[in-house]
Structures are given as C-alpha cells and as structure tokens.
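User: Hi! Could you walk me through this model?
Analyst: Happy to, let's have a look together.

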Amino acid sequence: MRVLPETETRTENEPGTAGHGATMLRPPREWADPRAVAWWTTQWLLFLLPVAAAGLAAFWFLTERPLWLGVAAGAFAVGCVVLALVAPRASYRVRRWEVTGEAVYTREGWLTHTWRVAPMSRIQTVDTARGPVQRLFGLADVTVTTASAAGAIKIEALDHELAADLAARLTALTQTTPGDAT
C-alpha cells in the first residue's frame, strides 16, 4: 500500500492559522489515476455521440435542410465531440484527494473550489464501487460516508488495487480513532 502524507501543523505566528498548534489542510496531493481521463472520455462519448447524431438526424430528416441550419447542426455535433474530449482532461486537472491520520479530504472545481473534509472520528462506512466501464480500465471509486447533511465524500477513478488498499486503511484507521461517528 502506498503511504499517504500527513497534514502540516502550523503555529499561530504563521499566516493562515486558526490558533496555536492548529492543524491546517494544505491542498490534497493525490490525483486520480491517469487512466481516468480515458474512462471519463469514454463516458462522455457514450452520452454525447448519440446526442450529436440525434441533432444531425433531426436536421436531415425533419427539415427542408436550409444551409444555416445544417451549419448549426454540424457545429453542435462538433461541439459535442470537443466537449467529450476536453471535459475529462479539465476534470482530471482539478480533482485532488488525500487521506491523513486525522481526516479524508477532497478538492475539486475550476472557478469554485469545493473542499470536503471528513474527520476519521466521523466516518461511518467506507465503500468501493466498480462499474462495467471502470472495470475495463482497471479503476474503482471509494465512497466515505459520514452523518453529514452534505453527503458522502467520493474519491473517484483510483487504480482498483489502490482503492481496495485505501478502503482497508480507512477502515483500520476509523476503528482505532475515538469518536462516535455521528
């Protein structure tokens, strides 16, 4: 199993601290597996290619085929393919995760960074999932459930062996962490 680094501890004299000896979360260091880009691209293509084909078919069969509408339908189809090729790469660049002895946390988003933090003492369940397309790419997701109203923390697109190791590590850490997980 890969060793995951701990959080940094700063004192009150350092910028960005909440007080003496406060634990600050730095940006997560771990990325999704690089194969995630191919998996996400496949998902986007499976969704958008039929949408693009439906747009072109509607133009071809349901109109008198004016040139301007053909250009618009073609641009829509090209836009769908470009989106399917670009969005997964953009998503890969902004998704991060990390597990420390104190918490599980993730960060994602381009314009709005969304941080999700689950202290070990609050973790209720740890699940792994592998859909059929994920299995083709050797990937799995780990879902960490807490009593939070915001829902579970999902770490997506990990190597399936790393996901199993991570689930086992989180289970062991939560069993040794005092707290009521509520």
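User: Which order do the strands of the open sheet follow?
Analyst: Three strands form that open sheet in the order 3-4-5, with antiparallel pairing. Strands are DSSP runs of E of at least two residues and helices runs of H or I of at least four, numbered from the N terminus; two strands pair if DSSP finds at least two bridges between them. This is a predicted model, where local features need pLDDT of at least 70, side-chain atom pairs count only at pLDDT 80 or more, and totals for chains, interfaces and linings use all residues. Residues are numbered from 1 along each chain as its sequence is written, and side-chain values use heavy atoms, leaving out hydrogens and water.

User: Which strands are at the edges?
Analyst: Strand 3 (96–99) and strand 5 (114–119), each pairing on one side only.

User: How many bridges join strand 3 to strand 4?
Analyst: Four, and strand 4 covers residues 103–108. Glu 98 stands opposite Tyr 105 there.

User: Switching topic: what about the hairpin of strand 7 and strand 8?
Analyst: Strand 7 (residues 139–146) and strand 8 (residues 153–159) pair antiparallel over five bridges. Six residues lie between them, and Gly 151 in the turn has a positive phi of about 95°. Val 142 faces Ile 155 across the pair.

User: And Leu 49, why does it count as partly exposed?
Analyst: Because its relative accessibility is 43%; buried means under 20% relative accessible area, exposed over 50%, and partly exposed in between (1.4 Å probe, protein chains only). Leu 49 sits in helix 1 (residues 35–62).
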